[in-house]
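Here is a short briefing for a first look at a structure. Please keep the sequence and the 3D view at hand while reading.

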Amino acid sequence: MVVRGSTLLKRKTEVKNENINIGNFNEPITWQAPTLTTAASGQKLRSFADYKTVYADVSPLTINEGEVSARIQYAETYAFTTHYDAAINSRYQVRYNGESYNIIKLETLNLKRFTRATATKIVQ
């Protein structure tokens, strides 16, 4: 609740309570934190360093294939559900089965007990 002058405002907080079975956290994933390094030329380079390896419930959401600019584009999107960590944000990456995934959505579940990251495979 926030009090401003004589007006009482209520903040709406969406609480997502889901039935999550931690026994399904059986796939190892690695959270990768963004880092900035400086090249010899002075240019700033963004890269990722391993932050933490945890076990997660991994669920495929979509696997799409389509043609973009006369070439085949392939995209995989997964949901990674694991224990909550306050340091993880949407600038992080997920490493799973030797592949990197960009986080496109990060949800906090069950009063900060769990986190679900929706992420798309990085195609290089």
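A residue counts as buried when its relative accessible area is under 20%, and as exposed when that area is over 50%. Threonine 115 has 6% relative accessibility, so it is buried. The model is predicted. The points below start with the strands around this residue and then return to it.

**Strand 6 and strand 7**
- Strand 6 covers residues 93-96, and strand 7 covers residues 99-109.
- The two strands run antiparallel and are joined by 4 bridges.
- Arginine 95 has serine 100 of strand 7 as its bridge partner.
- Strand 6 and strand 7 form a hairpin, with 2 residues between them.
- Asparagine 97 sits in that turn and has a positive phi of about 50°.

**Strand 7 and strand 8**
- Strand 8 spans residues 114-121.
- Strand 8 runs antiparallel to strand 7, and 8 bridges join the pair.
- Isoleucine 103 is bridged to alanine 119 in strand 8.
- Strand 7 and strand 8 also make a hairpin, with 4 residues between the strands.
- In this hairpin, asparagine 110 takes a positive phi near 50°.

**Threonine 115**
- Threonine 115 belongs to strand 8.
- Leaving aside residues up to four places away in sequence, threonine 115 touches Leu106 and Glu107, among others.
- Its contacts also include Phe80, Thr81, Thr82, His83, Tyr84 and Asp85.
- Phenylalanine 80 and threonine 115 are 35 residues apart along the chain, and their C-alpha atoms are separated by 8.0 Å.

Technical notes
Residues are numbered from 1 along each chain as its sequence is written. This is a predicted model: local features need pLDDT of at least 70, side-chain atom pairs count only at pLDDT 80 or more; totals for chains, interfaces and linings use all residues. Side-chain values use heavy atoms; hydrogens and water are left out. Two strands pair if DSSP finds at least two bridges between them. Buried means under 20% relative accessible area, exposed over 50%, partly exposed in between (1.4 Å probe, protein chains only). Contact means heavy atoms within 4.5 Å.
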